[in-house]
Amino acid sequence: MKVDVLLGLQWGDEGKGKVVDVLTPRYDIIARFQGGPNAGHTLEFEGKKYVLRSIPSGIFQHGQLNIIGNGVVLDPILFKGEAEDLEKSGINIKEVLKISKKAHLILPTHRLLDAAYESLKGASKIGTTGKGIGPTYTDKVSRDGLRLGECLSDNFLEKYTSAKKRHLKLLKAVTGEDANVDELEKQWLDAINYIKTFDLIDSEFVINKSLNEGKSILCEGAQGSLLDVDFGSYPFVTSSNTICAGACAGLGVAPNKIGEVFGIFKAYCTRVGSGPFPTELFNETGAKIRAIGHEYGAVTGRERRCGWIDLVALRYTIMLNGVTQLIMMKSDVLDDFEEVCVCNSYKINGVETKDFPYSIEENIEPVYTSFPGWKTDMTKFKSEDEFPQEFKNYIKYLETELNVPISIVSVGPDREQTIIRKK
């Protein structure tokens with residue numbers, strides 16, 4: 001058996017949570033492989049809306065096992081709140097969720113460091129969510145991190161106190177003031193005790209033994225490929241590897257165990273926070289997409305910047321991830337547009353290219369192909385046979401240019417508003 005991987009191909013917010021929820025019945029295990037509570041996966045069904053930040057999006061389905069992998073960074077306070085909300089909704093979360101002991105912990109001081117470092121950047125701010133993700137990954141790479149498994153040891157408080165003291169010295173050096181984390185620390189330690197009631201595992205063994213037993217596994221990514229720390233629009237990126245290779249490092253899965261790679265993208269494009277965005281629309285069209293698509297961050301509530309779909313960027317992320325199937329989200333948002341545009345190439349200093357450049361910060365002119373809009377409400381469609389011809393033409397063009405089949409089309413936020421095109 002091989003694991004399948006599901007990830008975003010743009011700057012995040014592609015709708016991964018909904019698709020994981022839809023695909024979960026096909027799998028025995030859903031495993032989250034990177035990121036932290038800066039990523040909000042939104043799911044809607046039975047008239048209710050849920051936002052998951054750290055817990056895999058397969059948690060609502062048929063009792064499948066969900067795993068938070070070693071590549072994830074975990075904030076105990078936010079995790080506790082999220083888990084307790086799920087318990088209130090009737091989910092026996094301690095039965096269906098296991099957490100890697102190798103996942104790194106976000107400390108209260110990590111949040112303060114995040115805010116302090118961001119303030120130092122001034123006009124060059126990255127647009128971090130302030131959840132402490134970057135400083136936690138920094139500690140991980142510099143071998144100063146605190147892993148979840150440490151909470152089971154007798155000297156956990158000693159290790160935590162040592163890390164806190166180091167962070168407080170850094171904060172004093174950055175801000176010139178003494179930080180007070182007493183209240184946050186109390187909540188954090190209480191949340192640690194709550195997490196200890198879960199099954200903390202060596203997830204790499206659980207996953208590989210499950211594969212050997214013939215069980216099917218879906219690996220869930222967070223953020224989007226254009227936010228990858230190595231291949232994204234650096235430095236306006238996240239602090240982890242969001243591409244398919246991140247599933248190998250974030251779960252302990254060998255590269256030859258990767259099967260299908262589901263790449264998710266919107267029928268248009270969005271971005272939250274700072275950073276370059278070649279197809280961004282600053283006019284009424286961009287505002288209309290934002291309003292119809294309810295384009296506001298699931299975690300931060302910030303307005304998302306909106307623009308036309310960018311095939312230069314999509315070809316790049318499809319290549320990086322080895323995508324085998326595409327999933328197009330939020331097609332219905334464009335239902336009422338007279339014209340829909342697609343960026344098929346860039347002009348850089350007058351030279352046209354279809355290759356994603358080293359830097360996309362300036363001197364890029366998107367080259368668009370326009371299509372007549374379908375002017376049809378597709379939100380109640382149940383089959384692709386109902387698609388208007390204009391929309392079928394749009395899909396065909398994308399498949400031809402991207403050279404990967406679009407197997408699923410979403411026509412609304414509810415799990416029922418999902419059309420499976422090709423098995």
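Student: Why are H11 and H12 called oblique to each other?

Tutor: The axes of helix H11 (residues 311-321) and helix H12 (residues 389-402) cross at roughly 50° and come within 10 Å, where axes are lines fitted to C-alpha atoms, for helices over the stretch in contact, and angles run from 0 to 180 degrees between N-to-C directions. Angles under 35 degrees count as roughly parallel, over 145 as roughly antiparallel, 65 to 115 as roughly perpendicular and the rest as oblique, and H11 and H12 are therefore oblique. Please keep in mind that this is a predicted model, in which local features need pLDDT of at least 70 and side-chain atom pairs count only at pLDDT 80 or more, while totals for chains, interfaces and linings use all residues. Residues are numbered from 1 along each chain as its sequence is written, and side-chain values use heavy atoms, with hydrogens and water left out.

Student: What makes the crossing of H11 and H12 right-handed?

Tutor: A crossing is right-handed if the near helix is turned clockwise from the far one by less than a right angle, and left-handed if anticlockwise, and H11 passes H12 in the right-handed way.

Student: Which residues of H11 and H12 meet?

Tutor: Leu-311, Leu-314, Arg-315 and Ile-318 of H11 meet Tyr-397, Leu-398, Glu-401 and Leu-402 of H12, contact being heavy atoms within 4.5 Å. These residues divide into six nonpolar, no polar and two charged, where Ala, Val, Leu, Ile, Met, Phe, Trp, Tyr, Cys and Pro count as nonpolar, Asp, Glu, Lys and Arg as charged, and the others, Gly among them, as polar.

Student: Why are H2 and H7 described as oblique to each other?

Tutor: Helix H2 (residues 76-88) and helix H7 (residues 182-195) pack at an angle of about 55°, with their axes 8 Å apart, and H2 and H7 are therefore oblique to each other. Their crossing is left-handed, and the residues that make the contact include Phe-79 and Ala-83 of H2 and Trp-188 and Ile-192 of H7. By class, this contact has 10 nonpolar, one polar and four charged residues.

Student: How does H6 pack against H7?

Tutor: Helix H6 (residues 156-175) and H7 pack at an angle of about 145°, with axes 13 Å apart, and their crossing is right-handed. Phe-156, Leu-157, Tyr-160 and Lys-164 in H6 meet Glu-185, Trp-188, Leu-189 and Ile-192 in H7.

Student: What is the volume of the second largest pocket?

Tutor: That pocket has a volume of about 240 Å³. Of its 13 lining residues, the closest to its centre are Gly-232, Ser-233, Tyr-234, Tyr-358 and Ser-359.

Student: What are helices and strands here?

Tutor: They are DSSP runs, helices (H or I, at least four residues) and strands (E, at least two), numbered from the N terminus.

How values were computed:
On a 1 Å grid over the protein atoms alone, a cavity is a set of points where a 1.4 Å probe fits but cannot get out, and a pocket is an open set with protein on both sides within 12 Å along at least five of seven lines; lining residues have an atom within 4 Å of a point. Grid points are joined across faces, edges and corners, and a volume is the space filled by probe spheres set on the points.
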